[in-house]
Amino acid sequence: MRRAYIPKGLTRQPWGVLLPLLLLVFFGGAVLYSAAGGHFQPWALMHVARFFVFLVMAMVIARIPQDWFRRAALPLYGILCVLLVLVELIGGIGGGSQRWLNLGFMTLQPSELMKPGIVLVLSWFYSVLPTGETRTWRAIAPAIGLLGFPAAFVMLQPDLGTALAICFGGVVVMFLAGLPLRWFLGAGGAGAVIAPLAFFFALHDYQRKRVLVFMDPESDPLGSGYHITQSKIAIGSGGFLGKGFGNGSQSHLDYLPEAHTDFVFATMAEEWGMLGGLFVLLVFGLIMRWGLKVAMNAPDRFSRLLAAGMTATIFFYACINMMMVMGLAPVVGIPLPFLSHGGSSMMTNMICIGTIMAVDRWSRRGSTGLS
Amino acid sequence: MKQKLPLTSAILTNRFERRTFVLGMGQATVGVLLATRLAYLSIFENQKYKAASESNRVNLSLIPPRRGWVLDRNGAALASNRADFRVDVIPDRLVDADDTLSKLSGLLGLTADKISDIKDKLDKARGFQPVEVAAKLDWDKFAAVSVRLPEMPGVIPQRGYSRYYPTGPSVGHLVGYVGPASAEDYERERNPLLITPGFKIGKDGLEKHFETRLRGVPGARRVEATASGRVVRDLGTREDVPGQPIQLTILGGLQDYAARRIGLESGSVVVMDCATGDVLAMVSMPCYDPNSFSDGIGRIEWKMLSEDDHVPLRNKVLRGLYPPGSTVKPLVALSFLEAGLDPKASVNCAGGLRVGNRVFHCWNHHGHGQTDMLKGIYQSCDVYFYHFAQQIGMDKIAAMARRLGLGQEFPMPYPGQSYGTVPDPAWKLRKYHKEWAIYDTVNATIGQGYMLVNPLQQATMVSRIASGLQLTPRLLLDRHAPQPASMGFAQEHLDLIHAAMNEVVNGRGTAGKARIPIDNVLMAGKTGTAQVVGLQHGNGKNVEWKRRDHGHFICFAPFDKPRYACAVAIEHGGGSPSAYPIARDVMTYLFDPAKAMAALEELEKGWGGNVQQRMAARYSTFAAQYGASAPRAPDEAQASKVVEDENKPVAEPSTAQTDAAPPAPEPDAPQPQPGQAVPGSPAAPAVAPNGAQ
């Protein structure tokens with residue numbers, strides 16, 4: 001077989017995810033290149049370089065034994081919680097919300113790390129929970145505590161998008177852990193009652209406004225609705241084939257806000273059209289399928305939940321971002337994984353990828369591996 | 001039944017797999033939903049969003065057309081355009097008005113009062129109306145603003161043209177001024193040009209009347225611009241079509257000269273061509289400077305203008321109404337002649353005449369002795385006119401006054417002129433339901449009482465007397481206008497009046513000082529002093545300014561072959577001595593500009609400079625005194641309203657004068673000895689005989 005001539009180190013790599021990732025990142029680089037007016041600086045080059053740095057990190061994560069993951073889960077979670085509290089106490093003020101800790105050499109956003117962190121700790125929790133307890137309060141109360149504490153603190157910052165992402169990751173793990181379905185249905189029903197109350201009493205003014213404007217973007221064409229309107233114009237004016245690489249007027253003339261971060265999908269769709277959009281959707285689909293497949297094939301409960309939770313976290317990013325830019329969700333500051341320029345989200349997503357890759361390794365070690 | 005079974009890890013694994021499948025399906029559903037949405041936006045709504053994107057990308061900006069010039073009869077500019085750099089702000093696009101203004105004032109060096117003015121305008125402006133921050137900038141300042149645009153959204157630096165009036169205040173009332181369109185203008189026209197930064201429309205005078213002709217057609221510039229308004233590249237420009245010029249009959253130099261010559265007085269000068277009726281000068285002073293008015297009226301300037309009792313906002317030529325005083329005497333005499341009175345008929349003036357149970361005084365209460373028509377005019381003897389007017393009757397006099405243009409409306413391109421009153425019995429009955437009294441005739445013959453005229457009518461009157469032609473004042477130059485018809489006066493009647501008016505200046509008359517210093521050119525004239533109706537305080541001379549008599553002088557030259565006619569009216573000048581030196585110098589200018597200019601420059605030294613210099617000095621006094629604390633200037637709309645109100649036709653007195661109006665004083669003659677004229681005496685500036693009435 002020809003396969004025999006390919007070095008083992010290469011065939012061992014999880015090409016099922018690396019290939020789509022590379023496609024996505026290079027495509028993102030091209031979009032950022034155009035958004036910068038045909039320059040690699042300041043975004044495109046950095047974007048690709050960052051990816052490779054974090055890819056190395058992911059590879060390293062992938063080699064960590066399962067045992068270490070299990071043992072680190074709770075302490076890591078604890079550290080992250082402490083950091084969240086620290087953010088609240090001494091974090092730098094930025095954009096009306098406290099999200100950063102200045103470590104001197106870099107700014108750390110603990111809430112970002114909490115997204116994979118919550119998946120990890122809950123997976124660990126359900127893996128150590130005796131099987132028979134899954135239907136009792138012992139299966140839900142500690143989990144709600146583990147989830148509620150960081151979610152509440154992130155809400156306080158206030159950062160609705162990240163809080164929702166943390167909750168989504170956590171709830172997916174709980175769901176897949178086999179908790180009774182009626183709990184979720186009950187919670188969903190309660191949510192339907194509480195959401196309007198929360199809207200009026202818990203949300204900040206600017207968050208409430210975003211929701212309102214999402215319902216009717218034209219009501220505020222120059223304020224918050226401006227983002228959604230301009231984004232829809234960018235996507236809609238692209239048509240099927242797009243305006244062509246480097247010809248996006250919405251992004252180049254600054255009509256599109258955050259053209260290189262949150263609204264990068266609109267920047268892309270303007271120039272590459274619906275075809276480009278379908279390509280991105282397809283690649284995300286491949287990555288999701290890979291993640292869930294890894295979860296299905298995983299050798300034990302912990303790694304199953306871990307891989308599926310990480311996949312759900314990435315999914316949440318992509319789904320909310322694309323819904324937002326297409327006017328299906330309110331504007332929440334969530335970037336599009338692997339396309340948006342930005343270090344924090346790239347790191348989080350690569351941690352998720354690395355973790356899934358690790359699960360992939362464990363399951364292959366269980367069987368005999370690829371070769 | 002399921003929940004009865006004990007949970008095993010196999011069940012949980014199975015459950016995990018099923019739920020993961022559900023999760024995967026959910027994700028796929030979301031994916032399909034997103035793809036559908038994408039298709040909907042980019043295929044089905046593609047046209048709509050393409051149009052929106054295109055209208056984002058391309059900015060169409062209008063280029064204000066260059067306004068048509070206003071030219072004098074020789075083609076010199078009375079109003080032109082000057083290329084300049086300007087900065088406007090659009091209130092809608094301002095993010096932080098105070099911050100932007102403070103940055104701008106740093107860059108442009110704006111003073112505190114100017115900033116307050118801009119803030120006032122910003123408060124009042126509707127969102128889309130551009131507000132001018134500064135105009136006539138030099139390149140350095142313009143460039144400084146241009147490079148810092150990204151920090152100052154809403155600020156629009158522009159290269160354009162601004163209206164320029166080379167002689168400033170001299171043509172203010174004549175030409176009018178321009179200003180940004182008001183909200184009402186925009187409501188009326190709905191023309192996007194009106195809210196284009198830098199565009200101005202005529203606000204008063206000819207600028208307003210000939211707006212459509214002067215405006216021109218705007219150019220347009222299509223540019224690709226960023227969301228913040230930065231131009232990325234030009235997509236094409238259509239040039240503007242400048243407005244049509246209008247050429248006036250005005251002689252620019254004369255207009256300016258007359259304006260300057262009025263000096264510190266408040267008054268007007270009208271000069272007409274005796275062959276065509278062309279208005280060669282039409283001056284009302286003091287006047288606002290149309291240059292600074294067109295830039296927007298600042299609070300200090302507004303305070304200065306509105307506090308000036310010389311009413312600089314009123315065009316006194318068309319809207320000033322005065323009792324004409326003795327300047328009507330040639331007219332009355334002409335009506336006597338037409339009625340068949342022998343010019344040799346005389347009356348003995350003893351300083352007064354009993355009419356009914358009252359004594360009407362002559363201005364010279366010592367009396368003029370035996371007075372015929374000639375002497376009646378050149379000595380301005382009131383008694384002569386009292387006497388014969390009663391014989392001839394008011395109807396004849398009033399008919400002659402109307403024939404010569406008093407009380408008449410002329411087709412001048414200005415709104416709201418005042419036409420004054422020529423009273424007669426029918427008019428009085430209609431107006432006040434009262435019978436005409438004999439003292440009304442007496443008053444009217446000396447240009448007092450109900451008689452009210454404007455300076456343009458006075459000029460028309462003297463030009464018709466001078467030429468014997470049916471002259472109509474004309475402001476728009478028309479070289480092919482038909483020859484004016486004759487008035488139909490007998491030439492010997494005119495000759496007699498001309499001789500009498502010549503005598504006023506060059507003989508034994510009341511205005512010897514008005515002789516013009518040109519060889520072989522003799523000027524004929526008639527003085528007039530009019531009391532400020534209803535304010536008899538003192539003798540009309542040594543009292544506060546507002547109660548002083550008006551001074552009039554009408555004249556034409558050369559007396560034997562009339563070419564130019566002129567009327568001067570000086571408000572509260574203290575009598576005709578304030579008027580005829582001005583007339584003399586203005587007429588001199590027509591024959592020898594250099595000589596006239598030399599005289600003027602000498603005078604201006606005593607007045608503290610020419611008009612602009614005096615205004616600038618006054619401005620800096622006001623600025624130092626009030627600074628930004630002056631009350632806010634009215635916005636454009638209000639200001640032009642005030643100017644309009646200032647120029648509303650003056651209403652006639654609403655009630656009848658129940659008593660005799662005071663007889664006219666004529667205090668401007670060389671002091672004659674009682675009962676005798678002083679032939680050819682050098683006309684001393686009149687020391688008024690006290691108690692002239």
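**View 1. A:Cys167 on helix H7 of chain A.** In this predicted model, A:Cys167 sits in helix H7 of chain A, which runs over residues 160-176. Set aside the neighbours within four places in sequence, and A:Cys167 is in contact with A:Leu147 and A:Ala151. If you'd like a reference distance here, take A:Val119: it is 48 residues away from A:Cys167 along the chain, with 9.7 Å between the two C-alpha atoms.

View 2. Of the 371 residues in chain A, 56% are buried. Take the contacts in chain A between residues at least 6 apart in sequence, and 72% of them link residues at least 24 apart.

**View 3. Where chain B touches chain A.** Here 38 residues of chain B are in contact with 49 residues of chain A. Put together, the two chains bury about 3900 Å² between them, and carbon and sulfur atoms account for 70% of that. On the chain B side, the residues losing the most area to chain A are B:Phe16, B:Arg19 and B:Leu38, which together make up 19% of what that side buries. And what holds for charged and polar pairing? Salt bridges between chain B and chain A number zero, whereas eleven residue pairs are in polar contact across the interface, both partners at pLDDT 80 or more.

View 4. Which of them gives the most? That's H1(B), with 21 residues. Sorted by type, the residues on this side of chain B come out as 17 nonpolar, 13 polar and eight charged.

**View 5. Helix H14 of chain B, tucked in.** H14(B) covers residues 329-338, and nine of its ten residues are buried, so the helix is largely enclosed by the rest of the structure. Among the buried ones are B:Lys329, B:Pro330, B:Leu331 and B:Phe336. After H14(B) comes B:Gly340, which has a positive phi, near 100°.

How values were computed. Residues numbered from 1 in each chain as written. Chains lettered and ligands numbered in written order. Predicted model: local features only at pLDDT ≥ 70, side-chain atom pairs only at ≥ 80, totals over all residues. Heavy atoms only, no water. Contact = heavy atoms within 4.5 Å. Buried area = accessible area lost by both parts, 1.4 Å probe. Salt bridge = Lys/Arg side-chain N within 4 Å of Asp/Glu carboxyl O. Polar contact = N/O pair within 3.5 Å; in protein donor to acceptor, adjacent residues only side chain to side chain. Helix = DSSP H or I, 4+ residues; strand = E, 2+ residues; numbered from the N terminus. Nonpolar A, V, L, I, M, F, W, Y, C, P; charged D, E, K, R; others polar. Buried < 20%, exposed > 50% of the residue type's maximum accessible area, 1.4 Å probe, protein only.
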